[in-house]
Amino acid sequence: MTTEPRDTTAKGLDRRDFLRVSSVAGGGFLLGTLLDLTHPALLGATEGTGIVGAATAAAGEFTPNAFIRIASSGTITIISKNPEVGQGIRTMLPMLIAEELDVPWESITIELAMADEAKYGRQVAGGSTATPTNWEPLRRAGAAGRQMLIAAAAATWNVPAGECTTDVGVVHHRASNRRATYASLAEKAATMPVPAPASVPVKDPKDYKIIGKFTRGIDNRKIVTGQPLFGIDVQLPGMLHAVYEKAPVFGAKVASANVEQLKALPGVKHAFIVEGGTNLAGLLPGVAIVADTFWHARSARRRLRVTWADHPTAQQSSAAFSAKAAELLAAAPQQVVRNDGDCTAAIAGAAKTVTATYEYPFIAHAPLEPQNCTAHFANGKMEIWAPSQAPAGGRGLVAQALGIAAEDISIHMMRGGGGFGRRLNNDYMVEAAAIAKQVGVPVKLTWTREDDMQHDFYRPAGWHGLKGGVDAAGKLVAWENHFVTFGEGQGFAPAASIGPTEFPVAFIPNLRFGVSKMPLGVPTGFLRAPTSNAIAFVYQSFIDELALAAGKDPVQFRLDLLAQAATIPAVAGTPPAAVNAERMRGVLQLVAEKSGWGKRTLPKGSGMGVGMHYSHRGYFAEVAEVTVSRSGEVKVVKVWVAGDVGSQIINPSGAMAQVQGSVLDGLAEAFKQEITIEGGRTVQSNFDDFELLRITEAPPVEVHFHITDNPPTGMGEPALPPVIPAVTNAIFAATGKRVRSLPLSRHDLSWS
């Protein structure tokens, strides 16, 4: 007996093949539900009808924009539309459809969609957006299918549709006790009018059979048994293997290379220079080596002798950035992002003031599966197999760089072995495509770990000069931040910005955000919880310093701060969208209760710290307990997490995994991770000098959800930011040493 949904993606059947095979073998008919998920009515707007047409058969062929297929053989297939990089979306999104379609979870087949936003709507793994953007539309997709099946049964039995109900794949007419399976109704259902989305009722949560239940990931068995699944597992007949050498100084051009000598080496089929361009997120110059095996390609790479042209950013370094940041912090900000009240006067009149400088380094994404992509160019068309978080962006990049029409590029979305934002950039895709276009046979490009570490889009470093003031009653009355970051003119480098609504805006009457920038030749990008993963460390640590100055408990100081305002109004195009004080107070109070905050007496060398943060529509507060040995060795004993992501946890199994994974990611960032730049190039190259958290270092993570009456939101990111200040604040509680820079491995935390 099957115990979980089946996955057909790895069987090599695309949607069109599946339809054809099913029709012939089963002699049956397929039900498709045509839904336009880009339509505003399905995305929460108030206009339009949304559903654009019925599932119809034309000349014996079905070509639906479908998320549901029901064959007369009984096979029920649900299309999972978004990229899967470990966030559990390949399981969670079909749960929404299966719930409302009312089919047994264990009976369905799940198929990963091709990259096609015209059919499936937005297909991006990023920003924790999959839940808020799909919660309503995909439930209605399932509900529409169920309504059409009911209509088919009612028409068959000549009874009112309102007298019919469904129960796990069967339509039932209670008055006559007649029952019909979905499979038997599929052909007739496809002729029924497709209901308008606004008219389709969805279930009351009390009736959920799938949503809210612990559900195993559809790929779990393949992952633990090592079966082919990820992008790097792709194998095609006649496929060659490629490696690509780029300049260690980002963007430098090839001056010369011994490619002719490489062609004579064992297994090597091609070796050539790729001209490339200057866009750090595009096709960069390099040398491609293509061989019959990856081993031969990599071996030939060791014999490569390449000279790189001079590059204007070759003198940049982490040390120079820090020196320049110190110089900028000593001067007035170049730009004022926000200015409320009179910050200067408020600080001058405060009973106590605190001044501090915080900083954090560049960080790499370091997914366990290095970047890879397989491409085949033939007859003017490019076919790509990519573990991308943003395949539509990759299609555009390939089209622009190689002069191929976008409609001639097809992309198979492959599971990614970790994304964390790295695979939002599709540089590896355009490299594979460029190589494939030149050699004319299928080519798999595989980056080494060193390629991945040294050619990332890094979380940018940053420096903050902070001043704050509290009045005689311990109330926070002034907050000033001079943020030194990267960019030029009005523009910020990717992920290097700060928004005008960033907390604690609206909670402090006198507040000023200023920014100074410096140019950067290092590519930067979005790392899990972008900007928040750094801002939370800085702001929540500084709030702890102000709580100490005010003589207040850190949790109570935050609650007092949150009591002063309800909501920060959203500003279009600037994160965060809004902060609701009530929701933040809710998670703060919950985590304090669950962790026993203030009720335990810990010895010197042990301490508890708290952090809270709002990002990606999620509210999280976390408490960490640490011990610090006299020699300065830090151990995280336990982390408590309270999160508010709305009214419904769709898959508790996936949700817990996301929160626990976020906490462990945050601990790795806090303790160990730093990318340094010297001579315009990255120093670190592998896990020996850029470490992940080890299993023996992972503390227990206790997770609690604060359920509120708000639409469900995503959890890939917002649980990460608070854990870093929770740990650094706990270290202060344990030792009296304030951590104002990361990683912790830089610090002497010994005490006596």
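Analyst: A helix crossing counts as right-handed if the near helix is turned clockwise from the far one by less than a right angle, and as left-handed if the turn is anticlockwise. In this predicted model, α14 and α18 cross in the right-handed sense.

User: At what angle do α14 and α18 pack, and how far apart are their axes?

Analyst: In general, an angle between the axes and a distance between the axes describe two packed helices. Here the angle between α14 and α18 is about 35°, and their axes are 8 Å apart. On the α14 side, the residues that meet α18 include Asn533, Ala536, Phe537 and Gln540. On the α18 side, Ile724, Pro725, Thr728, Asn729 and Phe732 take part.

User: What are the angle and the axis distance for α2 and α4?

Analyst: Helix α2 (residues 89-101) packs on helix α4 (residues 130-157) at about 35°, with 6 Å between the axes. The crossing of α2 over α4 is right-handed.

User: What is Thr131 in contact with, leaving aside its neighbours within four places in sequence?

Analyst: Thr131, a residue of α4, is in contact with Met92, Ile650, Pro712, Thr713 and Gly714. Its relative accessibility is 10%, so Thr131 counts as buried. Also in this part of the chain, Arg139 sits over the face of Trp135, 3.9 Å from the ring centre. A second case of this kind is Lys437 over the face of Phe377, at 5.9 Å from the ring centre.

User: How many aromatic pairs are there?

Analyst: An aromatic pair is described by the distance of the ring centres and the angle of the planes. With centres required to lie within 6.5 Å, the count is twelve aromatic pairs. One of them is the edge-to-face pair of Tyr358 and Phe537, with 5.7 Å between centres and 75° between planes. This pair links distant parts of the chain, since Tyr358 belongs to strand β15 (residues 352-360) and Phe537 to helix α14, 179 residues apart. The relative accessible area is 0% for Tyr358 and 0% for Phe537, and both residues are buried.

User: Why is the pair of Phe503 and Phe507 called tilted?

Analyst: The planes of Phe503 and Phe507 stand at 55°, with the centres 5.2 Å apart, so the pair is tilted. Phe503 and Phe507 are both buried. Elsewhere, Phe321, Phe362, Trp463 and Phe486 make up one aromatic cluster.

User: Which residue does a cis peptide bond join to Phe503?

Analyst: Most peptide bonds are trans, and most residues other than glycine have a negative phi. The bond between Phe503 and Pro504 is cis, with omega about 15°. Pro504 is placed in the loop between β22 (491-492) and β23 (510-518). Leu742 and Pro743 are also joined by a cis bond, with omega about 0°, and Pro743 falls in the segment after α18.

User: What is phi of Asp102, and what is phi of Arg617?

Analyst: Asp102 has a positive phi near 65°, and Arg617 has a positive phi near 70°. Asp102 is in the loop between α2 and β5 (108-112), whereas Arg617 is in the loop between β26 and β27 (618-628). Asp102 is buried at 4% relative accessibility, and Arg617 is partly exposed at 38%.

User: Which residues of α15 are buried?

Analyst: In an α-helix, residues three or four places apart point the same way, because there are 3.6 residues a turn. In α15 (residues 554-562), the buried residues are Val555, Phe557, Arg558, Leu559, Leu561 and Leu562. The elements covering them include α14 (532-550), α16 (581-595) and α18 (723-735). At the start of α15, a side-chain oxygen of Asp553 comes within 2.9 Å of the backbone nitrogen of Val555.

User: Which residue's side chain does a polar contact join to that of Asp553?

Analyst: The side chains of Asp553 and Trp597 make a polar contact of 3.0 Å. Trp597 is in the loop between α16 and β26 and is buried at 14% relative accessibility. Its contacts beyond four places in sequence include Asp553, Pro554, Val555 and Val623. The C-alpha atoms of Trp597 and Val623 are 8.3 Å apart, across 26 residues of chain.

Definitions and conventions
Residues numbered from 1 in each chain as written. Predicted model: local features only at pLDDT ≥ 70, side-chain atom pairs only at ≥ 80, totals over all residues. Heavy atoms only, no water. Buried < 20%, exposed > 50% of the residue type's maximum accessible area, 1.4 Å probe, protein only. Helix = DSSP H or I, 4+ residues; strand = E, 2+ residues; numbered from the N terminus. Contact = heavy atoms within 4.5 Å. Polar contact = N/O pair within 3.5 Å; in protein donor to acceptor, adjacent residues only side chain to side chain. Phe/Tyr/Trp six-rings, centres within 6.5 Å; stacked < 30°, edge-to-face > 60°. Lys NZ or Arg CZ within 6 Å of the ring centre and 35° of its normal. Axes fitted to C-alpha atoms, helices over the stretch in contact; angles between N-to-C directions.
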